[in-house]
Amino acid sequence: MKHTSITAALLGLLLMSCQSSKTQYYEKHLVFPEGATLEEKVDMASRLVPSRQQLQWQELELTAFLHFGINTFTNKEWGDGTEDPQLFNPTELDAEQWARTLKEAGFKMVILTAKHHDGFCLWPTATTRHSVASSPWKAGKGDVVKELKEACDKYGLKFGVYLSPWDRNAECYGDSPRYNQFFIQQLTELLTNYGEIHEVWFDGACGEGPNGKKQVYDWDAFYTTIQQLQPHAVMAIMGDDVRWVGNERGFGRETEWSATALVPGIYQRADSVNQALGLNNKSEDLGSRDLLARAHELFWYPSEVDVSIRPGWFYHPTEDNQVKSLAHLVDIYFESVGYNSGLLLNIPPDTRGLIHENDARRLHELGQYIERTFATDYSKNGNRPVTGKEGDSFEIDIQDNVPVNTLMLQEEIEKGQRIEAFTVEASINGAWTPVAEGTTVGYKRLIRFDDLIADKLRITVDRSRADFSIKRAGIYYAQPVTDSTDTEGASLFSPKSCQIGNHNAPEAIDGNSSTAAYAEGLVPILIDLGEVKTVKGFCYTPVAEGRTEGTIFRYRLSRSNDGKSWERIVDRAEFSNIKNNPIPQYVTWDKPAEARYLKLEPLEEMNGQAKTSVAEFGVMLPE
Ligand code: FUL
């Protein structure tokens, strides 16, 4: 008997190895043969797999983003490169506090903005004087990159760098070959002087150079530099390892394919191929069968959800009370990590050079929440691989009499992402009751449902691109979170009337940012406060979703007491990053000013269109 079963096992092994030697996998990229049928394409897509680096990256799940730099000291989201490096002077910079706080909250990697769009470098680069070396911090002898890398090593965190290709300070920006060399030198410094770097994050923003010259980046050369200097690093966003999810709000797609037809932006063919397929980073569908039918190639290009714990990416003292609520962050977790994406959560260190107490507290709460929720798996037999065919079901037993409300499924993505649709039922008092349904699974899918007590769950894989392979399933109980609302920004005075162009715009002052006023052309927004008041600033809220056309990017603002003679307060100012992060834009000026009327004149719409829109306009008065 024993003998027979050993022989059978050996035979089985032999068979398996023959089968697996027949299975062809495609690492990271595949091209469909000319004339391939949809069936053949689906079959090939099911065998597209991540590279080793991508797999390790997906397993990290939680990465912290640290936006820190000259903007921290100028209180801006985007600097224009003219800042005085003397302003950079953190009084208590403690990279160990950053690393410790993040490690304790469960993060596995940290990415630092080594250089943002302002060009100010957080390490003493040889390429420019616009760096910490010209600052009073540590008498110009400091190196934030080095301090953070050492702290990460100490706390067992991986380390990555954000290096903005767009550089508003570099004199050679826009002189393409020269700037590309300059950029490669910066990259080389970062990738040679600080030990292992696990992620290089290139933002897609590309503005004009000082002479209005457009920079053409040499992505191939940047790519080769990374491959040579840090072959284990992933290249994110403007890279082909990690994809931007398409928004900065922190929520991924419910149907999220890591195997996607979207061509990464660094490839020259990206624009033409993506356009022909009608795709961009924001597209809802990046990998369905419909898309496979039209696509010629596929990429393993998993998504990363980047979002800030505060409204802005950099530290602003006025946002100290606007740290996202625990409930909001928990939702973000479930709809990023739980939707087959990595979460890149930004926590901006403050002017002291510390993670602010409010953010640290919230991170601690989030870390505890995640740890507690997933510490106990109430399934009796979930932690074992399950394979099957389309239409197959499998059951997971649940421990007696415990309420549960969360199911975790993980596909064995080393074999590809295959599941397209599944349903979940619960056996309650002996009867099967539908509980949830979903589409993709991928590296990780968390499915939330109402609390229930059941003997078991039954998962049916209704649609799969090939035989499915679940690496792990788990059943949990996630406590409800009570602090459900985020704190609002500064309180605003509501103007008496608002005009956009020459028509009334009551939608802009109704206190409801889901209604908006629109006008054709770049037309002024005229605000009447009803009487002369002392005004400290204003808040322009753009349309965040849906009809976003007309969002103002560059503007001019003037004030008047009589509506006839105007005085300009700011000219050619910008609502930085409003396109990707359409949050309310609070603008305060140095000295409060008297005004009955304010005039906001758009100079440039965010996509260069001749349209104007406003969801809300509020006025800030001194307390
Ligand atoms: C954007 C940038 O413009 C923001 O300032 C921020 O760095 C965000 C992560 O990426 O595109």
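Into which domains is the protein chain divided?

**View 1. Division of the protein chain into domains.** The chain comprises domain 1 (24-60 + 273-301), domain 2 (64-249 + 304-373), domain 3 (386-476) and domain 4 (497-620); these bounds come from an automatic or database domain assignment. The model is predicted: local features need pLDDT of at least 70, side-chain atom pairs count only at pLDDT 80 or more, and totals for chains, interfaces and linings use all residues. Residues are numbered from 1 along each chain as its sequence is written, and side-chain values use heavy atoms, with hydrogens and water left out.

**View 2. The interface of domain 1 and domain 3.** The centres of domain 1 and domain 3, taken over C-alpha atoms, are 24 Å apart. In the contact (heavy atoms within 4.5 Å), domain 1 takes part with 16 residues and domain 3 with 13 residues. The size of an interface is often given as the accessible area lost when the parts come together. Between domain 1 and domain 3, about 1,100 Å² is buried, and carbon and sulfur atoms give 52% of this area. Buried area is the accessible area (1.4 Å probe) that two parts lose on being put together, summed over both.

**View 3. Pairs across the interface of domain 1 and domain 3.** Side chains of opposite charge can pair when their charged atoms come close. A salt bridge is a side-chain nitrogen of Lys or Arg within 4 Å of a carboxyl oxygen of Asp or Glu, and the count between domain 1 and domain 3 is 1. R289 forms a salt bridge with E420, with 2.7 Å between the closest N and O atoms.

**View 4. The surroundings of the ligand.** Around the ligand stand F65, H67, W78, H116, H117, Y162, D203, E248, D306, W313, N577 and N580; a residue is near a molecule if one of its heavy atoms lies within 4 Å of it. In the side chain of H116, an N or O atom is 2.9 Å from an oxygen atom of the ligand. For H117, the corresponding separation from a ligand oxygen atom is 2.8 Å. A polar side-chain atom of N577 lies 3.4 Å from an oxygen atom of the ligand.

View 5. The whole structure contains 42 salt bridges. R310 forms a salt bridge with D320, the closest N and O atoms lying 3.0 Å apart. Both R310 and D320 lie in the loop between β12 (303-308) and α11 (326-334), so the pair ties together parts that are 10 residues apart in sequence. Helices (H or I, at least four residues) and strands (E, at least two) are DSSP runs, numbered from the N terminus.

Note on methods:
Polar contact = N/O pair within 3.5 Å; in protein donor to acceptor, adjacent residues only side chain to side chain.
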